[in-house]
Amino acid sequence: MSLAELINHHLGHTVELRHRLHQIPEVRYEEFQTCAAIRAELDRLGIKYIDGVEGAPTATIAWLGDQSKGCIALRADIDALPICEATGLPYASTHPGRMHACGHDGHSANLLGVAAMLKSLEPKLPVCVKLIWQPAEEGGAGAAKLVEAGVLDGRIGPKVQAIFGLHGWPGLKVGLVSTKPGPLLAATDNFTIQFHGRGGHAAYPHLGRDPIAAMASAIVNLQQVASRDVDPTDPAVVTVGIVIGGTAINVIPDVAEFSGTARSLNAPMRKTLRQSMQRRCAGIAAAHDCELNFIWEEGYPPTTNDPAMADYVSRIARQTLGEKNFIPTARPSMGGEDFSYYLEKIPGCFFFVGVEPVDVNGYPSLHSDKYDFTDEALRVAMRMFGEIVMGWPAR
Ligand SMILES: [Zn+2]
Ligand SMILES: [Zn+2]
């Protein structure tokens, strides 16, 4: 059977699997029902797997084919978000306050569909294929745990030469695939900035040191990091999302703080943002005679596609789906992905698969309580992973 025929054969069951996973969303590192469902399906297919790794018990890793031919990996993330679902779908979440709002149910079911196809093609596979169901993409850096445990370097299964991952993408119509070489998604560093002053009566500010005035000045001043301290042609984002300070209208508090996220597409820019923010806040703290506590939490690295691998994926998409159905990504997105941890170690490509139905205008965004990975996108996702494997140059 050809890949197209195999997809016709397996698509219905893969859609059912997605709906089943959609009903049991679990957040980072708590994906026990999800991984049980994934492993039950692998049992049914007769595919052996590894149950979890150090620090990530809900990971599932399998491989198919002849290891002497080299090995490439396909990755799906399995976790959901702490969101109350409002889709009204018949297969909506049965876990209150949990939802597959990033479509990882689609990614996980897709890889199961691909596993079923590859199993029937096993003797013909041009390369060994490692299948990775990874927990905790949403803020838990599950990918980093798997890399540390040895999922790429040969300590868990065969050593991996190249890795591929995909994300369902609103704003792209079903049937379209998109990616680009180089940076695709941003680094996601977080900061908390505290000003420690001296509290007192609001009517006698000269007797205290007001941390709220310092904080307000800093929030306004940090808007100039992106506009004055960095090359305007190199993207950077500094967004303050949380502000905390004070308890009463007539009291100057001791402490005021704010937190947010800093996004960038490369290591030098990451460093620049951190240094620029710290320098500006230190100056403002000094001006207000407050103490500064500058806390920087490193998040995911930028997701940077290997140029040759991005070229390979775009060639596969053009050949399989038709010239007009591959859309080169014009600009990177400032969202983040922990797929970046794999790409720091080995070449690979992360790409987008359209989920917006052809007759719909304006699909709910990722992390919206109305988002759903469209069933019809599974056909494209299965085809892309299948072709990436079958098109791999045999050695
Ligand atoms: Zn997400
Ligand atoms: Zn996601």
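How far apart are the zinc ion (ligand 2) and the zinc ion (ligand 1), and which residue coordinates both?

Modeller: Happy to! Keep in mind that this is a predicted model. The two zinc ions are 3.2 Å apart, and the residue that coordinates both is Cys 102.

Start with the zinc ion (ligand 2). Cys 102 holds it through its SG atom, while His 104 and His 167 each use NE2, at 2.1 to 2.4 Å. Read along the chain, these donors have the spacing C-x1-H-x62-H. Now find where they sit: Cys 102 is in the loop between strand 3 (71-77) and helix 3 (104-120), whereas His 167 belongs to strand 5 (residues 162-173), so this pair ties together parts that are 65 residues apart in sequence. Cys 102 and His 167 are both buried.

Glu 138 lies in the loop between strand 4 (128-134) and helix 4 (142-149), and His 367 in the loop between strand 16 (348-356) and helix 10 (377-390), so the two tie together parts that are 229 residues apart in sequence.

Glu 138 is buried, because its relative accessible area is 14%, under the 20% cut-off. His 367, with 38% relative accessibility, counts as partly exposed.

Note on methods
Residues numbered from 1 in each chain as written. Chains lettered and ligands numbered in written order. Predicted model: local features only at pLDDT ≥ 70, side-chain atom pairs only at ≥ 80, totals over all residues. Heavy atoms only, no water. Helix = DSSP H or I, 4+ residues; strand = E, 2+ residues; numbered from the N terminus. Buried < 20%, exposed > 50% of the residue type's maximum accessible area, 1.4 Å probe, protein only. Donors = N, O, S within 2.8 Å, 3.2 Å for Na, K, Ca; no water.
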